[in-house]
Structure formats: C-alpha cells, structure tokens
Amino acid sequence: MSSTGSIFDAIVRFFREDDWHFEQLPGQPILRLGFRGKNGTWHCYALARESRHQFVFYSILDVHVPSNRRQAMAEFLTRANYGLGIGNFEMDFNDGEVRYKTSIDVEGDRLTSALIKHMVYLNVLTMDRYLPGIMSVAFGNANPAQAIAAIEDDSDDDSDV
C-alpha cells in the first residue's frame, strides 16, 4: 500500500533524487533507510505525519544502552542537547534505545527538497559526531562530562546566545 500524501510524496521524491536506498514500511507513510557515517552505521526513519503537517526524521542506533549505564547516558544526552539548535537526542529508559530526531512543521506551507536535505543531513552528521561519545559512555564507562568535552570544541559554543 502506498501513501499519497503530499509530505510523504515530497520525502520519497527527495530520497530518490538524492540516491538513497530505502524501503517503505508496509501500509505506513514511513521510509526505512540505512546510513554509514565516519564513526559507524545505523538505521534512519523518515515519517510523514500528514494530519499534523509534519516531517520527522530519526537516526536510531542498533545497539541499546545497558541498564546500568542509562543514567550516565541520560546525562551525556542532556549535555549534548543543551547546545544543539535543531533536533535532539532521545533515549528510551525501558530498553536503552538512543536516537536523534529532527522535525519540521509545514502547516500552511509545503515541504521542499531543500528543507528535507537540511533536516536529514543535519541529523545524520550530528549522530555521527556524537556517536563515539555515546559508545564510550554506554560501553566504556566514560564520564559523560568528559565525553562531551572530547567532542565539543569551545570555538563553536553558542551558549552565550
């Protein structure tokens, strides 16, 4: 079954034009894609929420944070989120799934390829940037503050804005 909504059509068109390999989840306006960054690989999901006029894009790691490291991961992700202008990290405390989400509401407007490209590439590049820290906190017992410090450079700090 294929969705015919304008948001879904726009995201399918973008991923075809940008030469991504994807599959549509059966009967849903959702695409599943894979991504390989400099620091690892993961799955992505592009969702069209037609009734809400929203496009949502997720990068979801295939590994789950062990239960004994979820509190440390929550601190790491909160520290990471603090300086991010667009998008945010999320973690499911029940199973340890970590994902990065970007989204846009296009009510009263239309979703363009330029908007989609910005949301998608900002998403995957952010996940790739923070992935070494996520893995070191989840599986290497790294200190969350030190892991963030190793990733973030003071020269791009916008906290005084």
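Two strands are said to pair if DSSP finds at least two bridges between them; the strands themselves (E, at least two residues) and the helices (H or I, at least four residues) are DSSP runs numbered from the N terminus. The model is predicted, with local features requiring pLDDT of at least 70, side-chain atom pairs counting only at pLDDT 80 or more, and totals for chains, interfaces and linings using all residues. Residues are numbered from 1 along each chain as its sequence is written, and side-chain values use heavy atoms, with hydrogens and water left out.

**Confidence along the chain.** The mean pLDDT of the protein is 91, and 91% of its residues reach 70 or more; pLDDT is the predictor's confidence in each residue, on a scale from 0 to 100. Residues 1-5 have a pLDDT below 50, and this stretch makes nine contacts in the model beyond near neighbours in sequence. Residues 157-161 also have a pLDDT below 50, with one contact beyond near neighbours in sequence. A contact here means heavy atoms within 4.5 Å.

**Strand β4 and its two partners.** Strand β4 comprises residues 54-60, and six of its seven residues are buried, so the strand is largely enclosed by the rest of the structure. Buried denotes under 20% relative accessible area, exposed over 50%, and partly exposed anything in between (1.4 Å probe, protein chains only). Strand β3 (residues 41-49) runs antiparallel to β4 and is joined to it by seven bridges, with Arg49 opposite Gln54 of β4. Strand β6 (residues 98-105) is likewise antiparallel to β4 and joined to it by seven bridges; Ser59 stands opposite Tyr100 of β6. In a regular strand, side chains alternate between the two faces of the sheet.

**The hairpins on either side of β3.** Strand β2 (residues 30-36) is antiparallel to β3, and seven bridges join the two. A hairpin of four residues connects β2 to β3, and Arg36 has Thr41 of β3 as its bridge partner. The hairpin of β3 and β4 also has four residues between its strands, and there His53 adopts a positive phi near 60 degrees.

The residues Ile7, Phe8, Ala10, Ile11, Val12, Phe14 and Phe15 of α1 are buried. Their cover includes β1 (22-24), β2, β3, β4 and α3 (113-139). An α-helix has 3.6 residues a turn, so residues three or four places apart point the same way.

**Two loop residues with positive phi.** Most residues other than glycine have a negative phi. Asp19, which is not a glycine, has a positive phi of about 65 degrees. Asp19 lies in the loop between α1 and β1 and counts as exposed because its relative accessibility is 61%. Asn141, also a residue other than glycine, has a positive phi near 60 degrees. Asn141 is located in the loop between α3 and α4 (144-151), and its relative accessibility of 59% means that Asn141 counts as exposed.

Glu90 belongs to strand β5 (residues 88-91). Its side chain forms a polar contact of 2.5 Å with the side chain of Arg99 and another, of 3.5 Å, with the side chain of Asn88. A polar contact is a pair of N or O atoms within 3.5 Å; within protein, one atom must be able to donate a hydrogen and the other to accept it, and residues adjacent in sequence count only if both atoms are side-chain atoms. Leaving aside residues up to four places away in sequence, Glu90 touches Tyr58, Leu77, Glu97, Val98, Arg99 and Lys101.

The whole structure contains 11 aromatic pairs. One of them, Phe15 and Trp20, is edge-to-face, with 5.2 Å centre to centre and 75 degrees between the planes. Phe15 is buried at 0% relative accessibility, and Trp20 is buried with a relative accessible area of 11%. Phe35 and Trp42 have ring centres 5.3 Å apart and planes at 40 degrees, so this pair is tilted; both residues are buried. Rings of Phe, Tyr and Trp (its six-membered ring) pair if their centres lie within 6.5 Å, and planes under 30 degrees apart count as stacked, over 60 as edge-to-face and the rest as tilted. One aromatic cluster is formed by Phe14, Phe15, Trp20, Phe22, Phe35, Trp42, Phe55, Phe57 and Tyr121.
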